[in-house]
Amino acid sequence: MPHKPRILCLVRDPAHWLLDNLADHFALCDEPAPGIEVVMTGGSEGIDAAMIDRLPDLKLIAVCAVGYDKVDVAYAQARGVAVTNTPDVLTDDTADTAIALMFAVYRRVPQYDRYLRDGRWVAEGAPPLTRKLTGQRIGILGLGRIGSAIARRCEPFAGEIAYHSRREVADAPYRYAPSAVALAASVDLLVVATTGGAATAGLVDRAVLDALGARGTLINIARGSVVDEGALVAALAEGRLGAAGLDVFANEPHVPTALLDMENVVLLPHQGSATVETRRAMADLAIANIEAFFAKKPLLSPVA
């Protein structure tokens, strides 16, 4: 039997086909050790400098996610360790999740599902009216792959689409706002689609939330770190922000208790890319990067 290269798998509770595919080709380890050249990790788990230091022979970190803000990329690259991620394959599902949250918040889909199931339609009659999403001004914070996919999906129903990114995107057909605050002040609904990490930590702060206002809605499918979670809870509780649809949180899987009792909030347990098809494609790309490394071929999706 040919020798299987060892890899350290840090992904928590991966789908069975990821483990099966990995185990078909590699010897899986759950603790760092000399001789291990490759780590497979996820966007939520990442890998820090301390763990990298426990892997003296590490050459590749394969991230089974598009986000790699929990990987110490600078330290890894300084050590000569390559990093790959899985871009593109999860764009559609994450963008679809943003659209689902928009409609769920505006039309109160989970609240009124519960209203019916609890017998209130029979006992109390029709629930209060909701709000119309068509015609609303929509802002996209971060017009990258996912932000652009969200914007394209909004085109048939948005009254206007605007965006803010670190720099203006050439040929983008949408209005550019010079700052996150300026964007929030000019739209009815703000979608957070920027990358995570230190550069965007707390980008959506009290000033942005107040600019969005008491009739505004925040949708976050990016990273919980991008939004000042304490400021968000306070804005919702005090009525300074109208509503929110959240797929990500600052301290996952823990969610602020205050959010759980709010009727103007729709919450998902980080489901942006969580379909069978997309998770399989993500795993396939991550594994293909590992196979390319051991075959001494160019990596398919290296992080610059």
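User: Over how many bridges do strand β4 (residues 60–64) and β5 pair?

Analyst: These two strands run in the parallel sense. Strands are DSSP runs of E with at least two residues, helices are runs of H or I with at least four, and both are numbered from the N terminus. Two strands pair if DSSP finds at least two bridges between them; for β4 and β5, the count is three.

User: What kind of model is this?

Analyst: Residues are numbered from 1 along each chain as its sequence is written, and side-chain values use heavy atoms, with hydrogens and water left out. Local features need pLDDT of at least 70, side-chain atom pairs count only at pLDDT 80 or more, and totals for chains, interfaces and linings use all residues, as this model is predicted.

User: Which residue stands opposite A62 in β5, and which residue has A62 as its bridge partner in β4?

Analyst: Start on the β5 side: there A62 faces T84. Now look at β3, which pairs with β4 over five bridges in the parallel sense.

User: Which residue stands opposite M40 in the pairing of β1 and β3?

Analyst: β1 and β3 run parallel and are joined by three bridges. Across from M40, you'll find C9.

User: What is the strand order in the open sheet of five strands, and which strands stand at the edges?

Analyst: The order goes β2-β1-β3-β4-β5, with parallel pairing. The end strands each have a single partner, so one side of each has no neighbour in the sheet. Those edge strands are β2 (27–29) and β5 (82–84).

User: How many residues of β3 are buried?

Analyst: Buried means under 20% relative accessible area, exposed means over 50%, and partly exposed is in between (1.4 Å probe, protein chains only). In a regular strand the side chains alternate between the two faces of the sheet. Here V38, M40 and G42 point one way, V39 and T41 the other. β3 is largely enclosed by the rest of the structure because its buried residues number five of five.

User: Which strands does helix α12 (residues 276–294) touch?

Analyst: Contact means heavy atoms within 4.5 Å. The direction of α12 makes about 165° with that of β4. The helix packs on the sheet, touching β1 (6–9), β3 (38–42), β4 and β5.

User: Now the seven-stranded open sheet: which strands stand at its edges?

Analyst: Its order is β8-β7-β6-β9-β10-β11-β12, with parallel pairing. Inside it, β9 (residues 189–192) and β10 share four bridges, and L189 stands opposite T217. Each edge strand has a single partner, so one side is left open in the sheet: they are β8 (175–176) and β12 (265–267).

User: Which residue in β11 is the bridge partner of I219?

Analyst: Strand β10 (residues 217–220) is joined to β11 by four bridges, and the two run parallel. From β11 (residues 243–246), A243 and G245 point one way and A244 and L246 the other, and all are buried. The partner of I219 is G245.

User: How many residues of α7 are buried, and what covers them?

Analyst: α7 lies across β6 (137–141), β7 (160–164) and β9, at about 170° to β6. Among its buried residues are I146, A149 and C154. The count is seven of ten, and the cover includes α4, β6, β7 and β9.

User: At what angle do helix α4 (residues 91–106) and helix α7 (residues 145–154) pack?

Analyst: Their axes are 9 Å apart. Angles under 35 degrees are roughly parallel, over 145 roughly antiparallel, 65 to 115 roughly perpendicular and the rest oblique. The α4 and α7 angle is about 50°, which makes α4 to α7 oblique.

User: Is E168 buried or exposed?

Analyst: E168 sits in the loop between β7 and β8. Beyond its neighbours within four places in sequence, E168 is in contact with Y163 and Y176. Its relative accessible area is 54%, so E168 counts as exposed.

Technical notes: Axes fitted to C-alpha atoms, helices over the stretch in contact; angles between N-to-C directions.
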